[in-house]
Amino acid sequence: MSATIGLFYGSTNGAGAVAGELIKATIEKTGLATVDLHDVAYTNLKEMERYNYLILGVSTWNIGLLQDDWADKFDELDEIELTGKPVALYGMGDQYGYPDSFVDGMETLGAKVMERGGEPAGFWLVDDSYEFEYSRAVIDDVFIGLALDDDNQSHLTEQRVQTWVEIVLEDFGLAVLVPA
Ligand SMILES: Cc1cc2nc3c(=O)[nH]c(=O)nc-3n(C[C@H](O)[C@H](O)[C@H](O)COP(=O)(O)O)c2cc1C
């Protein structure tokens with residue numbers, strides 16, 4: 001039986017929801033796992049404990065802040081046990097409109113996940129396709145999760161997701177990367 005991944009996202013205008021659907025479809029096409037989608041606006045975050053693997057999606061709003069539904073439920077994360085659980089993040093942002101706080105919300109959520117014992121997975125290189133000044137979600141030229149910018153670079157989203165999914169499945173121990 002294939003593994004089941006819980007994907008929890010908060011999305012105000014739908015960009016993060018659409019990305020979640022794309023990530024789900026991309027993972028399920030591999031046959032290695034199925035993905036349950038949860039909009040955190042309508043989900044008890046305790047549901048996160050049911051999964052052995054988690055993907056969390058968050059957009060950034062109001063200059064560096066968490067998307068509203070994640071912000072509303074942020075304190076509930078203090079009751080969630082994530083010890084030893086692999087958790088991959090993806091973040092939606094606008095690097096031209098907000099070049100000094102690009103996908104910052106991903107760092108806020110990621111720090112909390114680690115505080116709760118989660119094992120970070122799915123890091124993503126800052127390559128030349130990005131043009132922003134600063135992001136709290138970058139450590140040593142690496143994003144702590146997948147950074148997507150559908151406001152300016154929606155044409156890159158599908159390929160970014162495809163490549164990232166391979167990294168995530170490998171980090172989760174569900175697939176072995178075959179060198180090109
Ligand atoms: C008022 C406002 C503030 C924003 N602040 C940021 C920001 O600080 N950093 C960032 O990367 N994106 C920022 N964004 C862009 C959103 O994160 C982006 O549009 C994203 O795709 C929204 O995703 P969602 O529809 O899933 O919530 C902002 C957008 C608006 C309208």
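A residue is counted here as buried if 20 or more other C-beta atoms lie within 10 Å of its own, as exposed if 12 or fewer do, and as partly exposed in between, with the C-beta atoms placed from the backbone. The structure is a predicted model, in which local features need pLDDT of at least 70 and side-chain atom pairs count only at pLDDT 80 or more, whereas totals for chains, interfaces and linings use all residues. Residues are numbered from 1 along each chain as its sequence is written. Helices (H or I, at least four residues) and strands (E, at least two) are DSSP runs, numbered from the N terminus.

The helix α1 (15-30) comprises 16 residues, which should span 22 Å at 1.5 Å a residue, and the 23 Å that separate its end C-alpha atoms agree with this; the expected span is 1.5 Å times one less than the number of residues. In α1, the residues A15, G16, A19, G20, I23 and I27 are buried. They cover an arc of only 135° around the axis, which places them on the same side of α1, the arc being that of the directions from the helix axis to the C-beta atoms. The exposed residues A25 and K29 are carried by the face of α1 turned away from its buried side. The buried residues of α1 pack against β1, β2, β3, β5, β10 and α4, where two residues are taken to be in contact if their C-beta atoms, placed from the backbone, lie within 7 Å. After α1 comes G31, with a positive phi near 75°.

The strand β1 (3-10) is mostly covered, six of its eight residues being buried. Strand pairing requires that DSSP find at least two bridges between the two strands. β1 runs parallel to strand β2 (residues 33-39), to which seven bridges join it, and β1 is also parallel to β3, with six bridges between them. Towards β3, I5 stands opposite Y53. Together, β1, α1 and β2 make a right-handed β-α-β unit; a crossover is right-handed if, with the strands pointing away from the viewer, the path from the first strand over the helix to the second runs clockwise.

A nonpolar core is defined as a set of buried Ala, Val, Leu, Ile, Met, Phe, Trp, Tyr and Cys residues joined through C-beta atoms within 7 Å. The largest such core has 45 residues, and those with the most contacts inside it are I23, L54, I55, L56, L89, L109 and A147. Two or more residues each are given to this core by β1, α1, β3 (53-61), β5 (86-92), α3 (104-115), β10 (146-148) and α4 (154-171). In soluble globular proteins, nonpolar side chains tend to be buried together. When residues up to four places away in sequence are not counted, L56 touches F8, V87, L89, L109 and V113.

The helix α3 has 12 residues and reaches 17 Å from its first C-alpha to its last, close to the 16 Å expected at 1.5 Å a residue. Buried residues in α3 are D104, G105, M106, E107, T108, L109, G110 and V113. The buried residues of α3 pack against β3, β4 (65-66), α2 (68-73), β5 and β6 (119-121). Just after α3, G117 takes a positive phi of about 100°.

Three further strands form an open sheet in the order β7-β9-β8, with antiparallel pairing. Its edge strands are β7 (124-125) and β8 (138-139), each of which pairs on one side only. Two bridges connect β7 to strand β9 (residues 142-143) in the antiparallel sense, and L125 stands opposite V142 in β9.

Most residues other than glycine have a negative phi. D140, although not a glycine, has a positive phi of about 50°, and D141, likewise not a glycine, has a positive phi of about 65°. D140 lies in the loop between β8 and β9, and D141 is found in the loop between β8 and β9. D140 is exposed, with 6 other C-beta atoms within 10 Å, and D141 is exposed, with 8 other C-beta atoms within 10 Å.
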